[in-house]
Amino acid sequence: MTTKKRIPMRKVSSAVHLTLAVHRESPQPMHRQIYDGYRAAIVSRTLRPGQRVPSSRGLAVELGISRIPVLTAYAQLLAEGYLETRVGFGTTVSRSLPDPPVSAERAKSHSRSTIAAGFIAEHRNLPESMLHPPWGRGWGAFGVGQVAFEQFPFKAWNSLITRHCRGGNVKSLDYGDPMGLQALREAIAAYLGPARGVRCDADQIMIVSGSQQALDICTRALIRRGSRVWMEEPGYRFARQVFALNDCRIVPIPVDREGLDITAGVDLRLDARAVLVTPSHQYPLGFTMSASRRLKLLDWAERAQSWIFEDDYDSEYRYENMPISSLQGLDPNGRVIYIGTFSKVLFPSLRLGYIVIPRGLVKHFQAIRVAMDIGPPTLLQAVLGDFIREDHFSRHIRRMRLLYSERRTALLESLHSAFGPDLEVTGQHAGMHLCIFMNRIHDLVIARRAASSKLWLVPLSSSYAGESARHGFILGYGSTSAEQMNNAVGKLQTAIYGQPKHETRDRE
Ligand SMILES: Cc1ncc(COP(=O)(O)O)c(C=O)c1O
């Protein structure tokens, strides 16, 4: 049996009557306890500037400990300027300390509203209510932005990580190029030409931490605070947050089956410094911007001297025809800033993406980047560069295209059998999500209710800046196997109607 030891504790009165307790069995070393005790007493003015503290020997004797912890504590207090030594006075509390801080009472009286008004940067446009929507937390069927995680080629990836961690290349530990690792930029440039019809070379590519940061850099580089930006309505709500954070005024422009309605935008007579579009697979409705709209948009940008931010987030996956070429490849005037991401095509926690910058703007973008975070980790960039160059990337895309196509077909079949053949679906030709529309429902109410039973449905309304024109859901299918699809759709039916309307059985 162990007997509980009494903690030996001594109290000592210093030259200035400081009461200090030192616990031998504390996890804190003794020198740290002494340091903390003196520092707290000095900051709170229990010990006043100029007052003498006991000699190290005296304090050690009084505490019944060796002199070493006392010397260590005093040395630290001297080094940080809490104590000073003066000839003839010994060691005293420093006389150059500023006036006491605001009293605890006064500090407490600072209400939250005072803090909001005076001490934090306000971003009035940032929709706080949308930061943590109840339906945005989960992992499972219909998650938007979730990929087939279990299919990721971990073996190939791990061997590349091992290769780059083996050591020897000490240069890779230093700060990287703010434009990103040259080898990765070259690999991306070689991919973008044939795969996406993007016209660029590696010097124009900046590696960033995903589309979200890409958009932030573009906005900081090109949009003055208070300027107007056109956004698709409905559109990508995370992009809205970036513009709000940069104090842009967002002008929602309606989207129809041909993409952004430029004429409707022009008719508003609210010119904008930039427009954000998702021409290959409009988010969230999934339409492809028609050729005539593309040309019209490029023409508008040139006339208005505005920028086009092209978010090309998931266009590698097209199921019924060839991938649509980028808008950037059509642009003769250097007005398009192309944004790509590896979040959909590989996995979102990688946080790697890229910007293709018009040649004349490269230096300007670089200056913004250096003032921000300089660049993403070199190790991950090197691994990704090899992953692309050694064909793991294209192999993964080919495999995933087949898999997502199968999951998409299973989802469409289940939806039509559950909701009837007349169910309106859009965006099913590409990417990893589609939209369904429902009459006489309130999608936010249903999404909130479904979340309480752990079904995470993204309501279409959440993509509208203004009043939602239609209600429905954005259904991701990337992370749900074809075999699980009927079951998932059954849950969706229950969430909408309270119970499944038709019998749905999982595929054998
Ligand atoms: C429209 C759109 N753009 C971009 C992204 C990817 O963003 P990020 O690269 O910041 O992960 C997504 C992800 O869901 C998206 O829906």
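In this predicted model, an open sheet is built from four strands that follow one another in the order E13-E14-E16-E15, with antiparallel pairing. Strand E13 (424-426) and strand E15 (458-459) lie at the edges of the sheet, each of them pairing on one side only. The pairing of E15 with strand E16 (residues 472-476) runs in the antiparallel sense and comprises two bridges, and proline 459 is found opposite phenylalanine 473 in E16. Helix H14 (residues 392-419) packs on this sheet, where E13, strand E14 (433-437) and E16 are touched by the helix, and the direction of H14 makes about 10° with that of E14.

| Helix pair | Angle | Distance between axes |
|---|---|---|
| H6 (residues 154-165) and H13 (residues 378-389) | about 125° | 9 Å |
| H1 (residues 30-43) and H3 (residues 67-79) | about 45° | 8 Å |

Angles of 65 to 115 degrees would count as roughly perpendicular and those over 145 as roughly antiparallel; at about 125°, H6 and H13 are therefore oblique to each other. The crossing of H6 and H13 is right-handed. On the side of H6 the contact is made by Ala156, Trp157, Leu160, Ile161, Arg163, His164 and Cys165, while H13 contributes Leu379, Leu380, Ala382, Val383, Leu384, Asp386 and Phe387. Sorted by class, the residues of this contact between H6 and H13 comprise 11 nonpolar, one polar and two charged.

For the other pair, angles under 35 degrees would count as roughly parallel, and H1 and H3, which pack at about 45°, are therefore likewise oblique to each other. Their crossing, that of H1 and H3, is right-handed. In H1, the residues Met30, His31, Ile34, Tyr35, Tyr38 and Arg39 meet Pro69, Val70, Thr72, Ala73, Tyr74, Gln76 and Leu77 of H3. The contact of H1 with H3 is made up of nine nonpolar, three polar and one charged residues.

As to the confidence of the prediction, the protein has a mean pLDDT of 89, and 90% of its residues reach 70 or more. Over residues 1-7, however, pLDDT stays under 50, and the model gives this stretch three contacts beyond four places in sequence. Residues 503-508 also have a pLDDT below 50, and for them the model holds 16 contacts beyond near neighbours in sequence.

Conventions. Residues are numbered from 1 along each chain as its sequence is written. This is a predicted model: local features need pLDDT of at least 70, side-chain atom pairs count only at pLDDT 80 or more; totals for chains, interfaces and linings use all residues. Side-chain values use heavy atoms; hydrogens and water are left out. pLDDT is the predictor's confidence in each residue, from 0 to 100. Contact means heavy atoms within 4.5 Å. Two strands pair if DSSP finds at least two bridges between them. Axes are lines fitted to C-alpha atoms, for helices over the stretch in contact, and angles run from 0 to 180 degrees between N-to-C directions. A crossing is left-handed if the near helix is turned anticlockwise from the far one by less than a right angle, and right-handed if clockwise. Ala, Val, Leu, Ile, Met, Phe, Trp, Tyr, Cys and Pro count as nonpolar, Asp, Glu, Lys and Arg as charged, and the others, Gly among them, as polar.
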